[in-house]
Amino acid sequence: MKMMDQFLWVIFPYMCVVVFIVGHVYRYRTDQFNWTAKSSEFIEKKHLKLGSLMFHLGIIPVIGGHIVGLGIPRSWMEAAGIDDHLYHIGAVYVGGAFGLVTLAGMLLLTARRFTFKNVRRLSSASDLIVNALLLFIVFMGMYSTLVTNWAQPDFNYRESISVWFRDLLILRPDVSLMRDVPLSFQIHVLAGFCIFALWPFTRLVHVWSVPLNYLGRRYILYRRHRKSA
């Protein structure tokens, strides 16, 4: 059991991070032509537009909440005047609302990917895997937030998962912090690391292709061509 804990909460996370970094470097150097989201909008637009809008509106605050919850120590939050009650309201109610929006958008996008014949035909195996895995991660996150927190009110992930995660960043992970974490939270964490390992080999790389150069690019002027008399 100790060896399994060591693998799950020390070796596996670091493996995923290494694959994430090395995989991105390798793909950028060898496969820039396919560094794209490969949009299927021309096949089906209605469900894509709504699902993508909901997903992106929800996932940005959700990621922000994860950064705050995992990266900022509880003592720092209390020093800033945010006690446990106020944090709980933000994490469960505000975070839960955005999580539901993300889940609804992901359900719509995944259903579209799997059930629309032409969209599925255009999809690669990695597209299907990423959609299904993202849906699973979001579902487990919502289950942990709404169900596990209600069933186990004494559990506080800021005293276990958050501390373990910050220790992981400074290369001093403490396996014991994750042993008594509820199963739903453990699955959510492990699935999250899985998506990081798959990231470089899927359409998710398009996240880094933000066209910042457009902000400083000169306007393109179009002039009407007049026929000479």
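Predicted model: local features only at pLDDT ≥ 70, side-chain atom pairs only at ≥ 80, totals over all residues.
Local features need pLDDT of at least 70 and side-chain atom pairs count only at pLDDT 80 or more, whereas totals for chains, interfaces and linings use all residues. Residues are numbered from 1 along each chain as its sequence is written, and side-chain values use heavy atoms, with hydrogens and water left out.

The protein has 10 helices and zero strands. Helices (H or I, at least four residues) and strands (E, at least two) are DSSP runs, numbered from the N terminus. From the N terminus on, the order of elements is α-α-α-α-α-α-α-α-α-α. Of the 229 residues, 35% are buried. Buried here means under 20% relative accessible area, with exposed over 50% and partly exposed in between (1.4 Å probe, protein chains only). Contacts (heavy atoms within 4.5 Å) were also sorted by sequence separation. Among those between residues at least 6 apart in sequence, 79% join residues at least 24 apart.

Helix H7 spans residues 161-169. Its buried residues are Ile-161, Ser-162, Trp-164, Asp-167 and Leu-168. The cover over them includes helix H1 (2-30), helix H2 (46-71), helix H8 (176-179) and helix H9 (183-198). After H7 comes Leu-171, with a positive phi near 65°.

H7 packs with H9 at an angle of about 30°, and their axes lie 12 Å apart. Axes are lines fitted to C-alpha atoms, for helices over the stretch in contact, and angles run from 0 to 180 degrees between N-to-C directions. The two helices are therefore roughly parallel to each other. Angles under 35 degrees count as roughly parallel, over 145 as roughly antiparallel, 65 to 115 as roughly perpendicular and the rest as oblique. From H7, Ile-161, Trp-164 and Leu-168 make the contact; from H9, Phe-185, Val-189 and Phe-193 do. These residues divide into six nonpolar, no polar and no charged. Nonpolar covers Ala, Val, Leu, Ile, Met, Phe, Trp, Tyr, Cys and Pro; charged covers Asp, Glu, Lys and Arg; the others, Gly among them, are polar.

Thr-110 lies in helix H4 (residues 84-115). Its relative accessible area is 8%, so Thr-110 is buried. Not counting residues up to four places away in sequence, Thr-110 touches Asn-131 and Leu-135. A polar atom of the Thr-110 side chain lies 3.5 Å from the backbone oxygen of Asn-131.

Conventions. Polar contact = N/O pair within 3.5 Å; in protein donor to acceptor, adjacent residues only side chain to side chain.
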